[in-house]
Amino acid sequence: MLEWLAMEFLGSHILSIDQFERTDIEKIFSTSDSLVPYAKRERITRVLQGAILSNMFFEPSTRTRISFGSAFNILGGEVRETTGIEATSLAKGESLYDTSRVLSGYSDIIVMRHHEAGSVNEFAEASRVPVINGGDGDNEHPSQALLDLYTIKKELESKNKSIDGLRIALIGDLKYGRAVHSLCKVLCLYQNVTINLISPKKLKLPSSIKKSFKESSVSFFETDDITKGISEVDIIYMTRIQEERFSSKSESGKYKGLMSLNQEIYTKNCEPNTIIMHPLPRDSRPDANELDPDLNQNPNLAIYRQTDNGLLIRMALFSLVLGVQNKIEESTSNVAWFSNK
Ligand code: CP
């Protein structure tokens, strides 16, 4: 019945979580599941042999850049990348249009991150190959939302629950956090989701996203008191104050440390086995300490399961966009090296 709504992945740009329906998300997740033996290095595939990814990160990144690059390598492709504007001819005044026209002649697919909202869309319009949004300013981070949702699904399944009916607390910088923006949008596709929005008053979630909640079946409330919002949820999703989006460090500094979670707060306020997530990086400097290291041994801390899932989701996106999801088995072999993943 919903099949006609499914998006065409082949050759498509992946720019916003808005482009997905539930059936598309299910396709990405089932493809991710099928890729586990390759991510775990139990099997090797060369299905993308000869293909080139341009991994263009004009803004800092650790996990998005490396996991997209590793995902492409695991599928057998080659990766060319750049980090920072200063290392490219954008610093000499070249336009995004020219950069895109040129780079798309060198590659089969491009992942791009940039500090300006809307820049990846502009880049994609000029590109001759598919472009994946690796994060554009304070706007969106669609692959992060997909890996977050995949993690939520897996964590809930282990407790015999599903995403429909999810209760989640989103905490921190909800104004500028692009991972939160994309996650909120995708949660609107599910039934009876409750979202507790916990942020300093000046860093509330944008009204446009709250409007989407009202148009779907998501219910929400807002507070600036972390202890009020974390007591009856399945998932706590912490975020970092996005200091790079503020006019100065003294401005962002006003909000640092206001929203912190540690084992004591967790034990005192949360239901047993509440899952703790964070898109990372967490700001571990003493004035921020948003997710205390004393939670590191808490088995409900899912942050590294999230990052591992990022590899699977990004492999799935490449497979679907480049149309090789059903050809992987044809080019597999056993690994030759020691692996205990
Ligand atoms: N979650 C995330 O986008 O991390 P990086 O900035 O390290 O890529």
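Predicted model: local features only at pLDDT ≥ 70, side-chain atom pairs only at ≥ 80, totals over all residues.
Let's begin with the overall layout. The protein splits into domain 1, which is 2-137 plus 310-334, and domain 2, which is 142-301. Their C-alpha centres are 26 Å apart. The two do touch each other: 28 residues of domain 1 make contact with 22 residues of domain 2.

Now, the ligand. If you're looking for it, go to the second largest pocket. Which domains does the shell around the ligand draw on? Both domain 1 and domain 2, with at least three residues from each.

Around the ligand you'll find Ser61, Thr62, Arg63 and Thr64, then Arg113, His141 and Gln144, and finally Pro279, Leu280 and Pro281. Sorted by class, that shell is 5 polar, 3 nonpolar and 2 charged residues.

Which atoms pair up with ligand oxygens here? Take Thr64: one of its polar side-chain atoms is 2.6 Å from a ligand oxygen. Arg113 also uses a polar side-chain atom, and that one lies 2.9 Å from an oxygen of the ligand. With Thr62 it's the backbone, where a polar atom sits 2.8 Å from a ligand oxygen.

Key
Residues numbered from 1 in each chain as written. Heavy atoms only, no water. Near = heavy atom within 4 Å. Polar contact = N/O pair within 3.5 Å; in protein donor to acceptor, adjacent residues only side chain to side chain. 1 Å grid on protein atoms, 1.4 Å probe; cavity = no way out; pocket = protein on both sides within 12 Å on 5 of 7 lines; lining within 4 Å. Sits in = over half its atoms within 2 Å of the grid points. Nonpolar A, V, L, I, M, F, W, Y, C, P; charged D, E, K, R; others polar. Domains from an automatic or database assignment. Contact = heavy atoms within 4.5 Å.
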